[in-house]
Amino acid sequence: MKKINVNLDTCTYPITIGTGIMRNLPAIVPADLLSNPILIVTNKHIRSLIGDRLAGVLKNKKKNVAVLDIPDSERAKSFAVYQKIIVSLAEIGQRAKPTLIALGGGVIGDVAGFAAATYRRGIPYIQVPTTFLAQVDSSIGGKVAIDLPQAKNLVGTFYQPSAVVTDLAVLKTLPPRQIRNGLGEVIKYGIIHDAQFFEYVSSHIDAILRCDSVSMEHAVWTCAAIKADIVSCDEFDVTGVRAVLNFGHTFGHAIEAASGYSKGFTHGEAVGAGMVMASDLALRLGMITSVEFDRICSVIHRAGLPTEVASKMSRGILEALEYDKKFIGGQMRFVLPIRIGAVKIVDRIPYKTIKDVVIRGGV
């Protein structure tokens, strides 16, 4: 079992990473987090696999524990689901502030975290990520939100979890598409921050895809450590340090919105295509070489992620870009690679160049 601390001005919280540690959650997290009623927010599939077992562990400690199932898709990040969580919190927490446990992937973490941030002006919550993507990225850093039809994450805030408990054992339960989904974020970390890690991922793609324990642990640990360091330097995304985490996401979120948040694109798949578009933009601006561009596209392709989107989505992607939170003062900001292992925030890019990248749709 390993621990990483996220050290912030507002708080400090631990990320605990290990195999089979979920059953020891009461001993891992601070005792005061479990002293009040507990609401576990999950979905039916995760509940049947591990949710009921976790609830049983907590109930054995004589706790008031309730479990709430929400839908298993990006569409769960809605006002309706948010209200359902709030009502459930009110039902179990009449006399004391409850603790919320977000047991699931990024969608559950986002909407449950947003509910925790706003119920009674904030209650403690614990992230227990069960997908590869959530373990390497979304469970860390405190960005919580719900979606609007126009674009993703338009209603949200910053609200840090009190603890993150990452059980690597659950990765063995995931279908191959979910492993590929997480690889989108894993590859991102190599491109934005660590060229050596990029080389590791490139040479261990097959091992990660077959869920090799050593490779998966190294990927989760490395990504979590990188994100913890970045978030610690820029908790509220105001200095530009944290903005590098958006590499591939400006285009990626627009792809998700243009697809109607359908199952045609998972988040990691959209980020994969988004990283190709962002790298194409960097290539057109003379920021990276064609050799670097090809290496980025190659590892994304070998990870089983899309490197292009259908031309019929171009209009929807361009419309969604205009709603992006990074569209400020008429200027869209992009995080673009300057080499593998380093990126730069760039604005004032001619709209025609952006449009050309979108119309090309990848490689």
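In helix H13, which spans residues 314–321, the buried residues include Ser314, Ile317, Leu318, Ala320 and Leu321. They span an arc of only 165° around the axis, and therefore lie on the same side of H13. Please keep in mind that this is a predicted model.

**Helices H6 and H11**

- Helix H6 covers residues 176–193, and it packs with H11 at an angle of about 40°, with the two axes 7 Å apart.
- This angle makes H6 oblique to H11.
- The crossing of H6 and H11 is left-handed.
- On the H6 side, the contact involves Arg177, Asn181, Gly184, Glu185, Ile187, Lys188 and Ile191. Their partners in H11 are His267, Gly268, Glu269, Val271 and Met275.
- Sorted by class, the contact of H6 with H11 has four nonpolar, four polar and four charged residues.

**Helices H11 and H14**

- Helix H11 (residues 267–284) also packs with helix H14 (residues 351–360), at an angle of about 135° and with the axes 10 Å apart.
- H11 and H14 are therefore oblique to each other.
- The crossing of H11 and H14 is right-handed.
- From H11, the residues Met277, Asp280, Leu281 and Arg284 take part in the contact. From H14, they are met by Thr353, Ile354, Asp356, Val357, Val358 and Arg360.
- By class, five nonpolar residues, one polar residue and four charged residues make up the contact of H11 with H14.

**Helices H7 and H12**

- Helix H7 (residues 195–203) and helix H12 (residues 290–302) pack with their axes 10 Å apart, at an angle of about 40°.
- That angle makes H7 oblique to H12.
- H7 and H12 have a left-handed crossing.
- Phe198, Glu199 and Ser202 are the residues of H7 in this contact, and they meet Arg295, Ile296, Val299 and Arg302 of H12.
- In terms of class, the contact of H7 with H12 has three nonpolar, one polar and three charged residues.

- Is glutamate 74 buried or exposed? Its relative accessible area is 13%, so glutamate 74 is buried, as the cut-off for buried is under 20%.
- Setting aside neighbours within four places in sequence, glutamate 74 is in contact with Val107, Asp147, Lys152, Glu256 and Tyr261.

**Methionine 216, in a helix**

- Methionine 216 sits in helix H9, which runs over residues 213–233.
- With a relative accessibility of 3%, methionine 216 counts as buried.
- Which residues touch methionine 216, leaving aside its neighbours within four places in sequence? They are Phe132, Leu171, Ile179, Ile208 and Cys211.
- Methionine 216 and phenylalanine 132 are 84 residues apart along the chain, and their C-alpha atoms are separated by 8.7 Å.

Note on methods
Residues are numbered from 1 along each chain as its sequence is written. This is a predicted model: local features need pLDDT of at least 70, side-chain atom pairs count only at pLDDT 80 or more; totals for chains, interfaces and linings use all residues. Side-chain values use heavy atoms; hydrogens and water are left out. Axes are lines fitted to C-alpha atoms, for helices over the stretch in contact, and angles run from 0 to 180 degrees between N-to-C directions. Helices (H or I, at least four residues) and strands (E, at least two) are DSSP runs, numbered from the N terminus. Angles under 35 degrees count as roughly parallel, over 145 as roughly antiparallel, 65 to 115 as roughly perpendicular and the rest as oblique. A crossing is left-handed if the near helix is turned anticlockwise from the far one by less than a right angle, and right-handed if clockwise. Contact means heavy atoms within 4.5 Å. Ala, Val, Leu, Ile, Met, Phe, Trp, Tyr, Cys and Pro count as nonpolar, Asp, Glu, Lys and Arg as charged, and the others, Gly among them, as polar. Buried means under 20% relative accessible area, exposed over 50%, partly exposed in between (1.4 Å probe, protein chains only). The arc is that of the directions from the helix axis to the C-beta atoms.
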